[in-house]
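Colleague: I want to learn how to read salt bridges, cores and pockets in a model. Can we go through them one by one?

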Amino acid sequence: LPMLGLKMAMLRVTDQITIQDWELTEHFVRASGPGGQNVNKVSTAVELRFEAARSPSLPDPVKARLKRLAGRRWTKEGALILQCDETRSQARNREIVRQR
């Protein structure tokens, strides 16, 4: 089953930092672990990809610090990958991952 990538709305971090919609992509995937009747049927886990290295609003020192903190969540292409499968609600998982 291919993952569906969805573009997201702009995200305001601070007055100086705004993440544009082209910098964020969401994929919905099946959550691991117990899920009752929904297991292997409903894609409730969310993977958020942030094109951090290409972000025009992040200053270089912030990008460097983010890369250091991200560890394995930082890709070779300079994207930060965040995942959330904490709840069985796709909408709630989206909220949680955007807050992160």
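Colleague: Is Arg-54 buried or exposed?

Modeller: Arg-54 is exposed, with a relative accessible area of 53%. The cut-offs are these: buried is under 20% relative accessible area, exposed is over 50%, and partly exposed is in between (1.4 Å probe, protein chains only). Keep in mind that this is a predicted model, where local features need pLDDT of at least 70, side-chain atom pairs count only at pLDDT 80 or more, and totals for chains, interfaces and linings use all residues. Residues are numbered from 1 along each chain as its sequence is written, and side-chain values use heavy atoms, with hydrogens and water left out.

Colleague: Which residue forms a salt bridge with Arg-54?

Modeller: First the general idea. Side chains of opposite charge can pair when their charged atoms come close. The test for a salt bridge is a side-chain nitrogen of Lys or Arg within 4 Å of a carboxyl oxygen of Asp or Glu. Here Arg-54 pairs with Glu-51, and the closest N and O atoms are 3.8 Å apart. Glu-51 is buried, at 10% relative accessible area. A network of salt bridges links Arg-49, Glu-51, Arg-54 and Glu-77.

Colleague: How many salt bridges does a search of the whole structure find?

Modeller: The search finds 6. One of them joins Glu-86 and Arg-100, with the closest N and O atoms 2.1 Å apart. Glu-86 lies in the loop between β6 and α2 and Arg-100 in the segment after α2, so this pair ties together parts 14 residues apart in sequence. Glu-86 is exposed at 52% relative accessibility, and Arg-100 is partly exposed at 48%.

Colleague: Now the core. Which residues have the most contacts inside the largest nonpolar core?

Modeller: A nonpolar core is a set of buried Ala, Val, Leu, Ile, Met, Phe, Trp, Tyr and Cys residues joined through side-chain atoms within 4.5 Å. The largest one has 16 residues, and Leu-24, Phe-50, Ala-52, Leu-58, Trp-74, Leu-80 and Val-97 have the most contacts inside it. β4 (24-29), β5 (45-50), β6 (80-84) and α2 (90-99) each give two or more residues to this core.

Colleague: What is Val-97 in contact with, leaving aside neighbours within four places in sequence?

Modeller: Contact means heavy atoms within 4.5 Å. Val-97 touches Val-46, Leu-48, Leu-82, Gln-83 and Cys-84.

Colleague: And the largest pocket: what is its volume?

Modeller: About 420 Å³. On a 1 Å grid over the protein atoms alone, a pocket is an open set of points where a 1.4 Å probe fits, with protein on both sides within 12 Å along at least five of seven lines; lining residues have an atom within 4 Å of a point. The volume is the space filled by probe spheres set on the points. The lining has 20 residues, with Ile-19, Phe-50, Leu-66, Leu-80 and Arg-100 nearest the centre. α1 gives the most, with 4 residues.
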